[in-house]
Amino acid sequence: MRDHLAGPGTGRVGGRGGDRVTVRVPAKVNVQLAVGAARADGFHDLANVFLAVGLYDEVTATPAESLRLTCSGPDAGQVPLDGSNLAARAATALAERAGIEPAVHLHIDKDIPVAGGMAGGSADAAGALLACERLWGTGARPEELLEICAELGSDVPFSLVGGAALGTGRGERLTPLEVGGTFHWVFARAEGGLSTPAVYREFDRLAQGRTVPEPLVSPLVLDALSTGDPKALAAALTNDLQPAALSLFPALRDTLDTGTRAGALAALVSGSGPTTAFLAADESAAHAVAAALTASGHCRAARVTTAPAPGATVL
Ligand code: C5P
């Protein structure tokens with residue numbers, strides 16, 4: 001477990017009755033997403049190489065009479081604020097384990113695209129879990145927090161640890177990976193979102209009549225990450241969900257082409273989409289790609305950032 005999970009100091013501010021804990025948590029891109037056949041439980045086995053990127057949500061926990069959720073940010077209107085929200089479920093799960101009431105106000109300051117394929121909901125769950133743990137002082141060990149994360153969703157454990165990791169099983173079993181440099185990325189927000197289950201269903205539909213190979217991690221992706229070589233990573237990137245995402249959201253092809261023409265080393269759909277991801281050779285190339293994407297009108301906004309980013313961090 002990485003040090004940032006402990007965070008600086010106690011992570012609390014304010015006096016009695018005024019405690020507040022804020023946790024910053026990153027988005028992710030999958031630099032390899034190898035998807036196997038549907039399992040009996042409906043999930044798919046994966047070889048999922050996660051890379052945390054520098055787009056963040058912030059989750060703030062303050063004591064309250066009962067569980068309450070609020071959200072701010074450009075996409076706040078699309079975030080469900082009831083018990084179905086993964087951040088609320090994280091607080092409830094931790095409180096149940098600790099035998100206490102989830103008496104907390106969670107505020108999510110949202111910068112990660114909603115339903116965008118960047119694990120924004122998972123990030124909020126991991127952020128809420130760590131914020132509540134610090135606020136309540138439950139003493140839950142990192143392993144227990146990871147266990148709760150895995151119950152909440154396949155991508156949630158990675159949101160907690162960040163950096164880079166191989167996820168196997170349905171993506172929740174993590175092996176940390178070394179990254180030998182900084183990668184420069186551009187992310188283009190699409191108009192609208194895609195439902196992850198719908199993209200997996202489309203994957204199954206497109207796979208009908210053929211044998212889906214066992215998902216295996218690519219040594220080329222691991223080598224490219226460990227050497228920090230963007231050209232090598234660009235040549236090795238794969239996303240088995242991309243044909244399904246493009247089938248449901250054909251306009252993404254234009255966005256991918258625009259980024260490629262503007263000099264991106266590689267262009268791909270981020271996870272289940274519809275955010276598109278562009279790997280650039282360096283920071284100035286990334287800004288050129290972002291400018292071309294913005295000018296094209298093929299996306300809602302383009303953001304330049306770097307990877308790897310740290311996991312959930314108490315501010
Ligand atoms: O684990 P999570 O709740 O994020 O998954 C959302 C949905 O995505 C699942 O209900 C399932 O339809 C699909 N999924 C899958 N295989 C995975 C991960 C997710 O089929 N490994």
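Which residue has a polar backbone atom 3.0 Å from a nitrogen atom of the ligand? Select Arg-170: that backbone atom belongs to it.

Before moving on, a note on the model. It is predicted, with local features needing pLDDT of at least 70 and side-chain atom pairs counting only at pLDDT 80 or more, while totals for chains, interfaces and linings use all residues. Residues are numbered from 1 along each chain as its sequence is written, and side-chain values use heavy atoms, leaving out hydrogens and water.

**Stop 1: the ligand**

Now pick His-44. An N or O atom in its side chain is 2.7 Å from an oxygen atom of the ligand. Next pick Gly-42. Here a backbone N or O atom lies 3.5 Å from a ligand oxygen.

**Stop 2: two domains**

Colour 3-177 as domain 1 and 183-307 as domain 2. These bounds come from an automatic or database domain assignment. The domain centres, taken over C-alpha atoms, are 23 Å apart.

Between them the domains bury about 2,700 Å², 62% of it on carbon and sulfur atoms. Buried area is the accessible area (1.4 Å probe) that two parts lose on being put together, summed over both. Select Val-31, Leu-33 and Val-35: in domain 1 they lose the most area to domain 2, together 20% of what that side buries.

**Stop 3: links across the interface**

Four salt bridges are counted between the domains. Each pairs a side-chain nitrogen of Lys or Arg with a carboxyl oxygen of Asp or Glu within 4 Å. Now select Arg-300 and Asp-75. They form a salt bridge, with the closest N and O atoms 3.2 Å apart.

On to the strands (DSSP runs of E, at least two residues, numbered from the N terminus).

**Stop 4: backbone details**

Go to Gly-273 and Pro-274. A cis peptide bond joins them, with omega about 5 degrees. Pro-274 is in the loop between β9 (266-269) and β10 (276-280). Then select Ala-307 and Pro-308. They too are joined by a cis peptide bond, with omega about 0 degrees. Finish at Ala-115, which has a positive phi of about 50 degrees although it is not a glycine.

Note on methods
A polar contact is a pair of N or O atoms within 3.5 Å; within protein, one must be able to donate a hydrogen and the other to accept it, and residues adjacent in sequence count only if both atoms are side-chain atoms. Helices (H or I, at least four residues) and strands (E, at least two) are DSSP runs, numbered from the N terminus.
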